[in-house]
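Please keep the structure in view while working through the numbered points.

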Amino acid sequence: MDPPQSASYGTPPHRSRVLPRDALDPRNPQIKRDIIRMIAQYLHNESYFASLMVLQDEANMKTSEQQSRRAQSKRLRKAVLEGDWDVAASLAKNLPRQHHKRYLYALYRQEYMELIEKQEYQKAFAYLNRRLKPMEATAASNPTEFQNLCYLLTCKSVADSPHFMGWEGVMAGREKLSDELARLVEVEGGAAAAVPSAGASLADASQEIPPDRLVTLLQQAVAYQMEFRRYHPRMVPEVTSLARDYQCPVVPNVQRDLFVGHCSSVKELVAVTLASGSRLASASGDGTVRLWALPSNVALAQGDLGGSDDSDSQPIGTSLATLTGHQSDVYSVAFHPDQSHVVTGGHDRVVRLYDVRAVKELKSFAGHEAGVLQATTNAHGNLLVSGSRDGTVRFWDVLSGVCVRTLTQPLGAVTSVQVSRDGLYLLTSSRHGSVRLWDLRIGSDERPLQRFRGHQNTSSSFLRATFAAEESLILGGSDCGALHVWDRKNGDLIQKLKGHSGAAYRGTWSDKQSMAASCGEDGTVRTWWNNDKSRAWNCLQNFLQKRLRNRSPPPQIGVLRNSPPHDERPWSRW
């Protein structure tokens, strides 16, 4: 994938007034046929011939069934219009039982009414008792219909009965009946409507659509998602999955919010998005874990900048709850995948599991010989993973509380651990400053897949590294106070986010809002986003200051401290 810093901020994208679900009707028979043809074409192009044959066999079977239904419908129409009732009745043998009775009752009623029209009352009476009477309770359209049919025996014509005043004659009745019965027969063959029409196999139908049509539509859909995102990549990125909507990796460049509340340094921070809003959880040296609510005016996904570019006005976050239980400093906090629990670790060498809603401790996991510097979970939530000052990484079974695996890091105290979403990779950082990516399938003693350099860690045990932006980026803390951002694929350092007055311990990422958050030695929590408008103004300010230093006397530039009002344009002086 191209370096994420190539993403640029664009104007709020045009919002389509047509919802995706309204763009087409997936139940439309032609749409269904086209989808099957495109799948067959793709299977053929990719040499999945066995799967293609199965699809063809099933589709052709449905096509044959549909053709049979259409032929049956034509024979039925002809038999009814000609009054060949025996042939018409024989065509009902393949119908389901509930439809079979309705079908025969409609035929018998038409034949009975024609006998009335011919004034053959004796035959009509016998026919009524032999054919219609047994079906009175199950097939009649209403409870009094049979009585109305009996009343016809006293009439000279069907139209003389007040209950059949709509009778238009024998031929009109046959035409109406043939249409109703033909529709009933065709409805039973509706499942075959999704396959190519008569005489067209899937192999032939695939030639009627453009080459690589399925892949082309997918490419168009991804391109649409790229275009309508708030952040647009300058270079077309590599898309490696279609399982989720495309998200442009955006590297934050300015601070947005400040959260104050802990009584000591904040050593850990994680973010989670709930139905009720986004939340942060922070662990501190004061022995507590705090839950925070992100400001509701964060609307990056909708294209709204929100807030101000003035760094002097910083929104203050709200603390929702405080979790206690650790005997001393809390070094780590992580949300469980169910988002209703958090996992913590601290100086007391114990990993703890809390219920966020009930604000209470559920279980503890003891076994490390030194302080637990970080604890987290795997993607399924059935394992807890912890790293400690004793140089080990331990895997704990959540239900039993037993340590099921121990990995020994030869690099000293393990300051952070995180398992990738697929469970195949482990990201670690160590006291001496190393951030490394390991493949769990080949063991911890092998060489790492990637090393990430450029930060400093000479004195702190709380500098973390974590995945970000769909695991395409790596965020890491540093003694210099800057949050470091690396490209996971090539290990390049692509951004330094400066703001903390002491060491920046770690960063975390919110995919929904394309924001990063960091915590540090200064006891603050800061959020970071990408704001090219702010970057452009800083560049302009630096340019003007250089110009002003070369002029005498220098003009007033106090207005350059913040974004200028629309009516003040200092660059117009030149």
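This is a predicted model: local features need pLDDT of at least 70, side-chain atom pairs count only at pLDDT 80 or more; totals for chains, interfaces and linings use all residues.

1. The first point concerns a pair of bridged residues. In β11, lysine 360 is the bridge partner of aspartate 355. Strand β10, which covers residues 350–355, pairs with β11 in the antiparallel sense, and six bridges join the two.

2. β8, β9, β10 and β11 form an open sheet of four strands in the order β8-β9-β10-β11, and the pairing is antiparallel. Its edge strands are β8 (330–335) and β11 (360–366), each of which pairs on one side only. On average, neighbouring strands of this sheet are turned by 20° against each other, direction ignored.

3. Another open sheet of four strands has the order β12-β13-β14-β15, with antiparallel pairing. Here the edges are β12 (372–377) and β15 (403–408), and each pairs on one side only. The twist from one strand to the next averages 20°. Within this sheet, β14 (residues 392–397) pairs with β15 in the antiparallel sense over five bridges. Phenylalanine 395 stands opposite arginine 405 in β15.

4. The reasoning rests on a cut-off: a residue is called buried because its relative accessible area is under 20%. Val435, Leu437 and Asp439 point one way from β18, whereas Arg436 and Trp438 point the other way, and all are buried.

5. The pairing of β18 can be followed to two strands. Strand β17 (residues 425–430) and β18 pair in the antiparallel sense over five bridges, with leucine 426 standing opposite tryptophan 438 in β18. β18 and strand β19 (residues 450–452) also pair in the antiparallel sense, over three bridges. In that pairing, leucine 437 stands opposite glutamine 450 in β19.

6. The next point concerns the nonpolar interior. In soluble globular proteins, nonpolar side chains tend to be buried together. The largest nonpolar core of this model has 32 residues, of which Tyr103, Leu107 and Tyr112 touch the most other members. At least two residues of this core come from each of α3, α4 (85–90), α5 (97–117), α6 (121–132), α8 (145–151) and α9. Which helix gives the most to this core? That helix is α5, with ten residues.

7. Tyr42, Tyr48 and Val215 make a nonpolar surface patch of about 260 Å². Tyrosine 42 lies in helix α2 (residues 29–45). Tyrosine 42 has a relative accessible area of 34% and is therefore partly exposed.

8. Charged pairs form a further topic. Side chains of opposite charge can pair when their charged atoms come close. Ten salt bridges are counted in the model. One of them joins arginine 77 and aspartate 179, whose closest N and O atoms are 2.7 Å apart. Because arginine 77 lies in helix α3 (residues 49–82) and aspartate 179 in helix α9 (residues 170–188), the pair ties together parts that are 102 residues apart in sequence. Arginine 77 is partly exposed, at a relative accessible area of 31%, and aspartate 179 is partly exposed at 33%.

9. Two other salt bridges show how the exposure of the partners may be read. Glutamate 120 forms a salt bridge with lysine 123, with the closest N and O atoms 3.8 Å apart. Glutamate 120 counts as partly exposed at 29% relative accessibility, while lysine 123 counts as exposed at 55%. Aspartate 522 forms a salt bridge with arginine 526, and the closest N and O atoms are 3.4 Å apart. Aspartate 522 counts as partly exposed at 22% relative accessibility, whereas arginine 526 is buried, with a relative accessible area of 11%. Elsewhere, salt bridges that share partners join Asp348, Arg352 and Glu361 into one network.

How values were computed:
Residues are numbered from 1 along each chain as its sequence is written. Side-chain values use heavy atoms; hydrogens and water are left out. Two strands pair if DSSP finds at least two bridges between them. Axes are lines fitted to C-alpha atoms, for helices over the stretch in contact, and angles run from 0 to 180 degrees between N-to-C directions. Patches are made of residues with over 30% relative accessible area and no salt bridge: like charges are joined within 9 Å, nonpolar side chains (Val, Leu, Ile, Met, Phe, Trp, Tyr) within 5 Å. Accessible areas come from the Shrake-Rupley method with a 1.4 Å probe; for residues, only the protein chains shown count as cover. A salt bridge is a side-chain nitrogen of Lys or Arg within 4 Å of a carboxyl oxygen of Asp or Glu. Buried means under 20% relative accessible area, exposed over 50%, partly exposed in between (1.4 Å probe, protein chains only). A nonpolar core is a set of buried Ala, Val, Leu, Ile, Met, Phe, Trp, Tyr and Cys residues joined through side-chain atoms within 4.5 Å.
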